Amino acid sequence: MGAEKLNIDGLTIWDDAKQMLRKAEQEGIETAWDRLQQQTPHCKFGESGVCCRLCTMGPCRISKKSVRGVCGADADVIVARNFGRFVAGGSAGHSDHGRDCIEALHAVAQGETDDYTIKDRDKLYRIAEEVGVPTEGKEPLEVAGELAADFFENYGTTKGGLSFIGRVPEKRQKIWADLGITPRGVDREIAEMMHRTHMGCDNDAANTMLHAARTCLADGWAGSMIATEVSDILFGTPSPGKSQVNLGVLKKDQVNILVHGHNPIVSEKIMEAVNDPALIKLARDKGATGINLAGLCCTGNELMMRQGIPMAGNHLMTELAVITGAVELIVVDYQCIMPSLVQVGSCYHTKMVTTADKARFTGADHVKFEMNNGMEQAERVVRMAIDRFGMRDQARVEIPCEPVDIVTGFSNEALLQALGGTPEPLIEAIKAGKIRGAVGIVGCNNPKYKHDHCNVNLAKELIKKDILVLVTGCVTTAAGKAGLLLPGAIDQAGPGLQEICGALGIPPVVHMGSCVDNARILQLCALLANALGVDISDLPVAASSPEWYSEKAAAIGTYAVASGIYTHLGHPPNITGSEVVANLALSGLDDLVGACFLVEPDPFKAADLIDDRIKSKRTALGLEA
Ligand code: SF4
Ligand code: MSK
């Protein structure tokens, strides 16, 4: 437990979370909030980014007394190098996820698996044509094989360009070319970032930051974009449907299984297995009334977008979901999975199961998923969960609150379909000022903030100002719990947004998927810019990650800015120790790439500042602010 008693009411805006935090306190279970308290105050050198551990002449830390490390690197160089490596980690995460998706597509094409198939043939052919893979007279598996080969090329350097570069408006391509930041390949940019930041290489902070932008652009326009498009091809392109969110989606009388992580390759199979009549019968034989599958974080988003599986919670709800005492098993792939889940699970009967060799957790059972054993392993995992139902102590089970309904599934294809097949109605609504702009609110939770306070209030403030909000990642659950993902939420929107969303029957806050699906938002911005004949930076749009925590979120923010999208963060990355780097992020990039970061922890002030930016973009386009 933390040194001091936590003020639970101040930690989160949600009743389900507060109830579980009280239960954790009573049962002596430690959560992220306790550990944050133990870690506070944080090291100021680390927080400002001036601690360097890149060689063994150090570690060095920069202060007024010692302004250079042993090698002579100053604060600017050290901060830029640390930031470059930070976002390289995030880009690697998304992009390696994308690579796993391509491997699945390749395995399907080669006939190496019966567990996965092509669910969206139209999209397969459409994407193949788009990236220059000929399709005429070819069978789907042949096209899939050639498309997989094309996508693999995005990771190396042989091809000389990204498959989706044609989506990028010409003006934006020129900006990148002039700055020398056109991404050449995912792995190349990440490897070069590691090289540049080795002692004695890139010792010019601005130059390092430009390569950080290039590394992140490779993530946004290749690694993440490929992950999204291949997932749609393999598992179906999302279309609007209903689902539910919060801890109330857990069922007291059923075997509860949670899927957690990011990649749908494992979770889609788990979903099939829980619907297997033989396994449902087995669960009934063990005394449960059925098997209940719910999601956490982005694997949850993937399953919710495509299959309508309910979402138990976002990042800070993951430990609290286990504390309900009702979860038999958590099956994870990778990213954003707190190692503490093993310990919290061991306080109950909850088993954690890992599935990827690259993400193993001491104390968890490992059930390795490969391309040709997905279904078999999924059934094994579901059986493990059923076996644990009898170990549950029903006296310790507390499932707080009723679930909240949401509408999900807004891929760009679905959004365009809602608009009648063309972006024209959206463009007209923007021109008429009925939709004054659009903001993607994305990313995480961070226990340094009151959980979901900023995520929810920023969305509420923006829709009041007739700004359409698009959500992905862990903001989805926040918006859903607040009732903002329902068409009825237009009551909380301004009159213009009310009119347009009301006519289309869509919510004013639109769920577009998981973290990698921020690529959908990039694509939508590019589509609008191309339709208007302008650059992305000319559009009245912005991005925001109010409660971010991860390297991946920093990479997303950086590719958004480098793509011309003004981006709000609730708190800065660890760059405040360098004036050069901080000034570049907060203003200098505006001159270079037409967008920069805004840092503002208060969601109400942030909404006003984002609105000011949208006004200026509207005015520049000759539209009423
Ligand atoms: Fe210190 Fe330079 Fe080594 Fe960093 S690279 S630890 S600043 S000597
Ligand atoms: S899961 S990166 S906590 S959004 Fe994508 Fe959530 Fe952030 Fe992970």
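This is a predicted model: local features need pLDDT of at least 70, side-chain atom pairs count only at pLDDT 80 or more; totals for chains, interfaces and linings use all residues.
In case strands are new to you: the strands of a sheet pair through backbone hydrogen bonds, either parallel or antiparallel. Leucine 569 has valine 599, in β16, as its bridge partner.

Next up, a helix. Helix α15 covers residues 374-389, and its 16 residues should span 22 Å at 1.5 Å a residue; the end C-alpha atoms are 23 Å apart, which agrees. Its buried residues include Met375, Ala378, Val381, Val382, Ile386 and Phe389, and Arg388 is on that list too.

Side chains of opposite charge can pair when their charged atoms come close. How many salt bridges do we count here? The count comes to 43. I'll walk you through three of them.

In one, arginine 172 pairs with aspartate 535, and the closest N and O atoms are 2.6 Å apart. Arginine 172 sits in helix α7, while aspartate 535 is in the loop between α21 and β14, so this pair ties together parts that are 363 residues apart in sequence. Buried or exposed? Arginine 172 is buried, at a relative accessible area of 0%, and aspartate 535 is buried as well, at 3%.

Another one joins arginine 214 to glutamate 189, with 3.6 Å between the closest N and O atoms. Here both ends are in helices, arginine 214 in α9 and glutamate 189 in α8, so the parts tied together are 25 residues apart in sequence. Both of these residues are buried.

Then there's glutamate 328 with arginine 392, where the closest N and O atoms are 2.8 Å apart. Glutamate 328 is in the loop between α13 and β7, and arginine 392 is in the loop between α15 and β10, so the pair links parts 64 residues apart in sequence. Glutamate 328 counts as buried at 0% relative accessibility, and arginine 392 does at 7%. There's also a network in which salt bridges share partners, and among its members are Lys123, Arg126, Glu130, Asp517 and Arg520.

Threonine 40 and proline 41 are joined by a cis peptide bond, with omega about 0°, and proline 41 is in the loop between α2 and α3. From glycine 58 to proline 59 the peptide bond is cis too, with omega near 5°; proline 59 is in the loop between β1 and β2.

Asparagine 246 isn't a glycine, yet its phi is positive, near 100°. You'll find asparagine 246 in the loop between β3 and β4. Cysteine 336 also has a positive phi, near 65°, and is in the loop between β7 and α14.

Last stop, the surface. Met57, Val70 and Met199 form a nonpolar patch there, with about 270 Å² of accessible area together. Methionine 57 is in the loop between β1 and β2, and it counts as partly exposed at 45% relative accessibility.

Conventions:
Residues are numbered from 1 along each chain as its sequence is written. Chains are lettered from A and ligands numbered from 1 in the order in which they are written. Side-chain values use heavy atoms; hydrogens and water are left out. Patches are made of residues with over 30% relative accessible area and no salt bridge: like charges are joined within 9 Å, nonpolar side chains (Val, Leu, Ile, Met, Phe, Trp, Tyr) within 5 Å. Accessible areas come from the Shrake-Rupley method with a 1.4 Å probe; for residues, only the protein chains shown count as cover. A salt bridge is a side-chain nitrogen of Lys or Arg within 4 Å of a carboxyl oxygen of Asp or Glu. Helices (H or I, at least four residues) and strands (E, at least two) are DSSP runs, numbered from the N terminus. Buried means under 20% relative accessible area, exposed over 50%, partly exposed in between (1.4 Å probe, protein chains only). Two strands pair if DSSP finds at least two bridges between them. The expected span of a helix is 1.5 Å times one less than its number of residues.
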